[in-house]
Amino acid sequence: MKSDKPAPELDKEPNTPHPRETFSFVGHDGEEAMLAEAFGSGRMHHAWLIAGPKGLGKATLAYRFARAALGAKRTGPRPLDVDRDDPIARRVTAHAHGDLFVLRRGLNDRGKPRREIAVDDARELGQFFALAPAEGGMRVAVIDAVDDLNRNAANAILKTLEEPPARSVLLLVCHAPGAALATIRSRCRRLPLRPLDDAHMQAALGGEADPALLNLAKGRPGRAIALKAQGIDAAKGALRSAPEAIARGEARAVLPALYDQLSGEPYERLAAVMELAGEWARAAGADKQNEAWAEAWSALETLRAEAEGLDMDPRLALSRAVGVLERASGARR
């Protein structure tokens, strides 16, 4: 029997609305104004690299621009606010607008998350722009995220970046711009987003955010919303002291307990734990000025990608992550 459960979308945080379904937006005023002014002036650059750590709102900003550029009725105080009941906005929300193309990771034949965006998927970008606009206006492509393109896929989008069609805009979401191909970076106008301060974070979270959660999210509202939705209790003593415990070589007592605390699909829980573990490793490296922690962060990033791509047992992935962190701390040789 075919499952009625909708397929998970990998370009969103677990248990949270997709960015295309999100109409509220807090902070990043200057960056939003820059996009709106460029579009309104008629001198819009054809490709923008929206850069910054995951969870800042980069994709949400991209979809805000897409709705406005595709002609949704403007309303509200912010430059890219539109009426959520406008037919164009509704079609974007439903992922059903013919002039909006989204390139992102999907699922493999077994229904598991793909590790990367493959070249065949990336070639669909060129096919999209080779056709006439479905509604005769602007065409917008969102790539979420550049970080997920494999090398062949990254090369496949270069032709579109080099020879952009008229009346088209590409918005490239990028979590780590330093790792993106230089040839991609050089063809885009860079729009960096930065972490929000606590006041903006509170506004984004409805004024009810626990300070411990804000500390864990580090200025990324999407991250805070996702952690809260996954049931994490940031105020718990064990979690508050987790960075210090990791640095002391006590990852074995932290990571499995954190995984058990979270809700959601196994790969979502594992991704959340691995992301936090990576952040704690990076923080330990900065604090101790020790290259072993930087290497641990890199190893955890690789392990996270392997775990997703190979559909690895989460407990095995956690065990390997514990080993990486214990070696960095010197607790294991």
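This is a predicted model: local features need pLDDT of at least 70, side-chain atom pairs count only at pLDDT 80 or more; totals for chains, interfaces and linings use all residues.

Me: How many residues does helix 5 have, and what span does it reach?

Reply: Helices here are DSSP runs (H or I, at least four residues), as are strands (E, at least two), numbered from the N terminus. The expected span is 1.5 Å times one less than the number of residues. Helix 5, residues 151-162, has twelve residues and reaches 17 Å from its first C-alpha to its last, close to the expected 16 Å.

Me: Which residues of helix 5 are buried, and what covers them?

Reply: An α-helix has 3.6 residues a turn, so residues three or four places apart point the same way. Buried means under 20% relative accessible area, exposed over 50%, and partly exposed in between (1.4 Å probe, protein chains only). In helix 5 the buried residues are A153, A154, I157, L158, T160 and L161. Their cover includes strand 1 (47-51), strand 3 (139-144) and helix 4 (119-130).

Me: At what angle do helix 1 and helix 2 pack?

Reply: Two packed helices are described by the angle between their axes and the distance between the axes. Axes are lines fitted to C-alpha atoms, for helices over the stretch in contact, and angles run from 0 to 180 degrees between N-to-C directions. Helix 1 (residues 29-41) and helix 2 (residues 58-69) pack at about 25°, with axes 11 Å apart. Helix 1 is therefore roughly parallel to helix 2, a term for angles under 35 degrees. E32, L35 and F39 of helix 1 meet L61, R64, F65 and A69 of helix 2 in this contact (heavy atoms within 4.5 Å).

Me: Is D11 buried or exposed?

Reply: D11 lies in the segment before helix 1 and is buried, with a relative accessible area of 9%. Its side chain joins that of H18 in a polar contact of 3.0 Å. Such a contact is a pair of N or O atoms within 3.5 Å; within protein, one must be able to donate a hydrogen and the other to accept it, and residues adjacent in sequence count only if both atoms are side-chain atoms.

Conventions:
Residues are numbered from 1 along each chain as its sequence is written. Side-chain values use heavy atoms; hydrogens and water are left out. Angles under 35 degrees count as roughly parallel, over 145 as roughly antiparallel, 65 to 115 as roughly perpendicular and the rest as oblique.
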